[in-house]
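Here's a quick briefing to read with the model open beside you. Have a look at the fold, then work through the topics below.

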Amino acid sequence: MILNIFGQIFGFIGSLCLLLFGMNMLSDGIQKGAGRNLQKMLGKITGNRFAAVLTGIGVTAVIQSSGATTVMVVSFVNAEILTLTQAIGVIFGANIGTTVTAWIVSFFGFSFSISAAAIPLFGLGFILKYFKQFKIHNFADCFMGFALLFMGLGLLKDSLSLSPSSVAFLQKFDSIGVWGLLLGVFIGAFVTALIHSSSAMTAIVLTMAANGSLTWELSAAIVLGSNIGSTIDAVMSSFGATVNARRTALVHVGFNVAGTLIALLVFKPFLTLVDLIVPGEPFENITTHIAMLHTIFNLTTTLIFLPFVDQIAALATRIIKNDKSTENEHYKLPAILPYSHISADLYSFQIQKEISKMAVKVMEMFDSITNTLINSKNVEAENETVNQIENYIDEMSEAITGFLQKCSRLPTANSKDRQHFGRLIQITDNLENLSDECSSIMHTIGKFFSVYDETGKEVKPKRAKEISDYLEMVRLFYEQICIYLSTGISSEERMQAEVIEQEIDNKKRELRRLSRKRIENGGDVKAELNYIDLVRKIEKAGDCVFGIVQVS
């Protein structure tokens with residue numbers, strides 16, 4: 001007896017894990033094959049709330065995971081790619097898109113032999129892995145994931161084939177009225193949060209309802225609760241994120257909780273509406289009833305709240321206020337830590353924006369140096385400013401490089417993704433080296449301006465204009481490279497960059513030659529050595545800029 005109980009428990013756990021693994025593999029496979037396009041869909045959302053909802057529906061229906069979609073949304077808000085109002089629309093759509101899984105399980109899980117379809121699907125997926133030249137091997141996990149999902153569902157049906165006496169306590173939930181419904185909602189929310197998948201929870205409910213273990217009313221309550229539990233991924237991804245990302249997670253939780261409360265207030269009429277739409281009594285085709293309830297619930301709540309997107313965003317802003325204590329001189333990476341079941345492209349999209357910010361910081365260093373050379377005033381103050389920016393860039397480099405290393409180890413990252421992450425690490429390293437050179441240039445400029453005559457009076461250095469013009473060559477070169485970071489670089493532009501880099505080298509040789517002549521003619525040795533050192537460091541900065549071209 002005890003062995004049978006343990007066997008049934010572990011059978012259920014094993015089949016559930018296989019089901020979850022299949023869902024994750026399915027989601028990973030789709031994201032590997034179409035992830036870049038999915039990111040573009042999310043990244044190009046306009047202020048139109050209806051477009052945002054449709055995008056949320058489409059992305060979630062494709063990747064079969066509302067959790068993955070909401071993590072993407074929180075990440076995009078965190079990286080300032082989406083606004084809070086745009087994110088709200090996508091979240092509404094994600095709740096509708098996740099109902100597709102219930103229909104798949106309802107249609108395919110109980111109408112034919114699942115195992116008969118699972119094995120050929122798995123075989124097809126395994127064979128596709130070897131067709132890399134046709135660029136379809138990334139979809140192999142999609143077919144294998146579907147196969148494992150079906151196999152897990154079949155095993156789940158067998159493990160949940162319980163005798164009426166063993167589940168008699170579940171039938172009593174209806175007899176305790178409202179408390180029974182609330183308990184069902186709690187069970188749905190708790191188990192969904194535990195397994196991180198409302199789709200898997202819905203599959204369990206459909207299986208148990210089909211076996212007669214759950215009544216129509218209790219099944220409906222558990223499905224409603226699973227919508228609350230599905231917010232766990234958004235909440236977890238918002239930990240340590242920006243204020244707007246936390247607001248997005250709050251909206252997701254609030255929306256799902258409010259929708260569930262509304263459904264509970266009109267629970268009986270709601271079930272009657274579903275019964276009117278779906279032909280037949282609930283016990284005759286209960287899986288279709290549950291799938292329809294899931295769809296109508298999410299559609300209705302979206303229609304109710306969609307007109308109030310701006311008001312919802314304003315309320316979230318009032319609840320979670322801006323944290324001024326975080327606005328300090330230290331860098332904090334505004335990107336969600338790698339989530340194993342999200343397309344690697346998502347992180348590339350965020351990090352490229354951070355690298356662009358890093359490039360802007362380096363440009364600020366160039367501007368500060370140029371200002372010092374032109375005005376020859378406040379050298380110490382400008383030097384302090386440059387040093388602060390350089391320390392900030394060091395923090396950026398450390399955070400971005402560490403994050404990219406984690407991204408390259410993601411299971412969703414293919415060889416092309418890893419190569420791309422490697423290039424981004426090299427670009428980050430070159431930018432950090434360039435910031436070091438700028439700081440060194442600024443330090444040498446301080447010595448260049450500290451020239452005194454025999455009486456101890458400070459003398460304005462000669463040839464500051466030459467240094468300023470030479471620095472401007474490098475600065476303009478860097479400015480052009482920053483454009484390439486955003487738009488990409490063509491082979492023609494790469495050749496042009498080589499020409500500019502050669503011109504910078506030639507200019508260095510010319511300036512050093514002229515300085516040596518001045519020393520030979522009795523010029524100030526200390527001043528000329530500072531001059532040569534400054535020219536050398538500016539040329540080295542040009543090498544760092546060209547290094548970015550080489551790895552782009």
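Two rings of Phe, Tyr or Trp count as a pair if their centres lie within 6.5 Å. With that cut-off in hand, Phe92, Phe255 and Phe305 come out as one aromatic cluster. Keep in mind that this is a predicted model.

**The chain overall**

- Of the 552 residues in the protein chain, 51% are buried.
- Take the contacts between residues at least 6 apart in sequence: 81% of them join residues at least 24 apart.

**Aromatic pairs**

- How many aromatic pairs does the structure hold? There are five.
- One of them is Phe186 with Phe190, a stacked pair with 6.1 Å from centre to centre and 15° between the planes.
- Phe186 and Phe190 both sit in helix α9 (residues 178–195), and because they are four residues apart there, about one helical turn separates them.
- Phe186 is exposed, at a relative accessible area of 54%, while Phe190 is partly exposed at 48%.
- Then there's Phe255 with Phe305: the ring centres are 5.5 Å apart and the planes sit at 80°, so this pair is edge-to-face.
- That pair ties together distant parts of the chain, with Phe255 in helix α13 (residues 243–265) and Phe305 in helix α15, 50 residues apart.
- Are Phe255 and Phe305 buried or exposed? Phe255 counts as buried at 6% relative accessibility, and Phe305 is buried too, with a relative accessible area of 16%.

**α13 against α15**

- The axes of α13 and α15 are 10 Å apart, and the two helices pack at an angle of about 110°.
- Angles of 65 to 115 degrees count as roughly perpendicular, so α13 and α15 fall into that class.
- On the α13 side, the contact uses Phe255, Ala258, Gly259, Thr260, Ile262 and Ala263; on the α15 side, Phe297, Thr301, Thr302 and Phe305.
- Sorted by class, the contact of α13 with α15 has six nonpolar residues, four polar ones and no charged ones.
- Phe255 and Phe305 turn up here again, as well as in the aromatic cluster.

**α10 against α15**

- Helix α10 (residues 198–210) also meets helix α15 (residues 286–305): their axes come within 9 Å and cross at roughly 150°.
- Anything over 145 degrees counts as roughly antiparallel, which means α10 is roughly antiparallel to α15.
- The crossing of these two helices, α10 and α15, is right-handed.
- Which residues of α10 and α15 meet? Thr202, Val205, Leu206, Ala209 and Ala210 in α10 touch Ile286, Thr287, Ile290 and His294 in α15.

**α4 against α16**

- α4 packs against helix α16 (residues 309–319) at an angle of about 115°, and the axes are 9 Å apart.
- That makes α4 roughly perpendicular to α16.
- α4 crosses α16 in a right-handed sense.
- Leu84, Thr85, Ile88 and Phe92 are the α4 residues in this contact, and they meet Val309, Asp310, Ile312, Ala313, Ala316 and Thr317 in α16.
- By class, the contact of α4 with α16 has seven nonpolar residues, two polar and one charged.
- Phe92, a member of the aromatic cluster, is among the α4 residues that meet α16.

- Asn95 lies in helix α4 (residues 84–97) and counts as buried, at 3% relative accessibility.
- Leaving out residues up to four places away in sequence, Asn95 touches His252, Phe255, Asn256 and Asn298.
- Ile296 is in helix α15 and counts as buried, at 10% relative accessibility.
- With residues up to four places away in sequence set aside, Ile296 touches Phe270, Leu273, Val274 and Ile277.
- The C-alpha atoms of Ile296 and Thr99 are 9.4 Å apart, although the two residues are 197 residues apart along the chain.

Notes
Residues are numbered from 1 along each chain as its sequence is written. This is a predicted model: local features need pLDDT of at least 70, side-chain atom pairs count only at pLDDT 80 or more; totals for chains, interfaces and linings use all residues. Side-chain values use heavy atoms; hydrogens and water are left out. Axes are lines fitted to C-alpha atoms, for helices over the stretch in contact, and angles run from 0 to 180 degrees between N-to-C directions. Angles under 35 degrees count as roughly parallel, over 145 as roughly antiparallel, 65 to 115 as roughly perpendicular and the rest as oblique. A crossing is left-handed if the near helix is turned anticlockwise from the far one by less than a right angle, and right-handed if clockwise. Contact means heavy atoms within 4.5 Å. Rings of Phe, Tyr and Trp (its six-membered ring) pair if their centres lie within 6.5 Å; planes under 30 degrees apart count as stacked, over 60 as edge-to-face and the rest as tilted. Buried means under 20% relative accessible area, exposed over 50%, partly exposed in between (1.4 Å probe, protein chains only). Ala, Val, Leu, Ile, Met, Phe, Trp, Tyr, Cys and Pro count as nonpolar, Asp, Glu, Lys and Arg as charged, and the others, Gly among them, as polar.
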